[in-house]
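My entries follow in the order in which I made them.

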Amino acid sequence: MKGLAWFDEIPDEDLALAAGGKGASLCRMFRAGLKVPEGFIVRSEMFTEFMKRSGLREEILADIKKIDFDSTTDLIDKAEKIREKIYQTDMPKDMADGLREYYAKFEGSPVAVRSSGTAEDLDDASFAGQQETYLFVIGEDALIKYVKECWASLYNDRAIFYRREKNFDEAEVSIAVVVQKMVNAEKAGVLFTVNPVTKDPDVCMIEAAWGLGEAVVSGIVTPDNIWINKKTNEIVTEYISEKETMVVRKSAEGGTVEQDVPAELREKPVLSDEDKKALVDVANRIEDFYGKPEDVEWAFENGRLYMLQSRPITTL
C-alpha cells in the first residue's frame with residue numbers, strides 16, 4: 001500500500017509533506033539511531049486519497065467557508081459536523097487491508113496512534129495538542145477506527161480557527177498518522193534542551209511524573225521540575241512536587257485511565273541520578289542533531305529511555 005511506510009522508508013525530501021511534523025521528526029530520530037520505538041506512517045497521501053474518493057474534500061472545504069468565525073458556537077457546531085462526516089465514512093478496502101498488513105508485524109502489541117499534521121511543529125507555528133493521540137490501541141478494527149479519528153481531528157474547532165489565524169490555505173492542509181509500538185512507561189515527561197524560562201542555552205529543563213507522559217502534557221499533574229547544566233551535569237535547581245495523579249494503561253483491552261499515585265511515590269523524586277544523566281545526554285544529542293532548541297517527549301520502560309516526539313521550542 002503506497003500510502004503506508006515504515007520510519008526508515010520515506011526519503012528525506014518527502015518527509016515534511018508525507019509524514020507531517022511529528023512523523024517527520026520521529027523518522028529522522030529513528031534513522032539517527034536515537035531510541036525511538038519502531039513504527040510506520042499513514043502518509044498524508046492516504047488521507048488525501050480517502051477525502052477524494054469519498055467526495056468529502058470539496059464538501060468540507062465548502063462547510064469551512066460557511067463558518068461564522070465571530071461565533072464560537074457556530075465554529076464548534078460546524079467543526080463537529082465535519083468530523084462526524086469522516087467518522088461515518090467507511091475506509092476503502094485497499095486502505096484498510098494495508099493497515100491490517102502493517103499492523104500484523106506488531107504481533108498484537110499495543111500501539112500509539114498519533115495525528116501528525118503537515119502544518120504542525122513548524123519553527124514559527126506550533127499546532128501541538130490540536131490533533132488527537134490514542135494510546136494502547138489493540139486490534140485491526142481499533143486501529144482503523146482511530147486512524148479515521150486522527151484524520152477527523154484535523155477539523156476540530158481549535159485547529160480550524162488556528163489555521164485561519166495563521167493564514168493557512170485549507171485546500172493545502174493535510175494530515176498523516178503515526179502508528180508506533182506503545183511504550184508502557186513507568187515514568188515519563190518533557191525535556192527542553194534550552195531552559196525556556198531563563199533562555200539559558202547551557203541549561204536544560206526536565207519535567208517528570210509517574211506513569212505515561214500524558215499526565216504532564218495535559219497538565220493533570222504538577223511534575224518534578226529540574227534544571228541541569230548540559231556541560232557539567234550540575235543541577236541548577238530541583239523541585240520535587242507532590243504527584244497525586246498518574247495516567248496508566250486501563251486494561252488488557254487497551255486505553256488509558258487516570259489513577260492515584262501510590263502514597264510511597266507521591267513525594268519521591270521520579271528520576272534517579274542515572275536517569276538525569278541519560279536525559280542530559282539526549283538533550284545534547286538532539287540539539288546537535290537538529291541544530292536548534294527542541295522540546296522532547298520521553299519515557300522510561302523497564303529502565304530503557306525512549307524518545308516519543310521532538311519539536312522546535314517556538315517560545316524562544
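I began with E287, which is buried at a relative accessible area of 18% (buried means under 20% relative accessible area, exposed over 50% and partly exposed in between, with a 1.4 Å probe and protein chains only). This is a predicted model, in which local features need pLDDT of at least 70 and side-chain atom pairs count only at pLDDT 80 or more, while totals for chains, interfaces and linings use all residues. Residues are numbered from 1 along each chain as its sequence is written, and side-chain values use heavy atoms, with hydrogens and water left out.

I found that the side chain of E287 meets that of K230 in a salt bridge, at 2.7 Å from N to O (a salt bridge is a side-chain nitrogen of Lys or Arg within 4 Å of a carboxyl oxygen of Asp or Glu). Because K230 sits in the loop between β8 (224–229) and β9 (235–239) and E287 in helix α9, the pair ties together parts that are 57 residues apart in sequence. K230 also counts as buried, at 8% relative accessibility. For the element names, I note that helices (H or I, at least four residues) and strands (E, at least two) are DSSP runs, numbered from the N terminus.

I then followed α9 itself, which covers residues 273–290 and reaches 26 Å from its first C-alpha to its last, close to the 26 Å expected at 1.5 Å a residue (the expected span is 1.5 Å times one less than the number of residues). Its buried residues are D275, K276, L279, V280, V282, A283, I286, E287 and Y290. They cover an arc of only 160° around the axis, which puts them on the same side of α9; the arc is that of the directions from the helix axis to the C-beta atoms. The face turned away from them carries the exposed residues E274, K277 and D288. After the helix comes G291, whose phi is positive, near 75°.

I also looked up D275, which forms a salt bridge with K187 at 2.8 Å, N to O. This pair links distant parts of the chain, with D275 in helix α9 and K187 in strand β6 (residues 187–192), 88 residues apart. D275 counts as buried at 10% relative accessibility, and K187 is buried at 16%.

Which helices do the buried residues of α3 pack against? I found α2 (44–54), α4 (72–87) and α7 (157–165), taking contact as heavy atoms within 4.5 Å. In α3 (residues 56–65) the buried residues are L56, I60, L61, D63 and I64. Seen down the axis, they fall within an arc of 160°, so they line one face of α3, whereas E58 and K65 on the other side are exposed.

A salt bridge joins K85 to E59, the closest N and O atoms being 2.9 Å apart. Since K85 lies in helix α4 and E59 in helix α3, the pair ties together parts that are 26 residues apart in sequence. K85 is partly exposed at 24%, and E59 is partly exposed at 35%.

My last entry concerns E207 in strand β7 (residues 203–210), which is buried yet has no salt bridge, the nearest side chain of opposite charge being R311, 9.9 Å away. For this search Lys and Arg count as positive and Asp and Glu as negative, with His and the chain ends not counted. Among the residues that E207 touches are F192, D224 and W298.

Conventions
Lists of a residue's contacts leave out its neighbours within four places in sequence.
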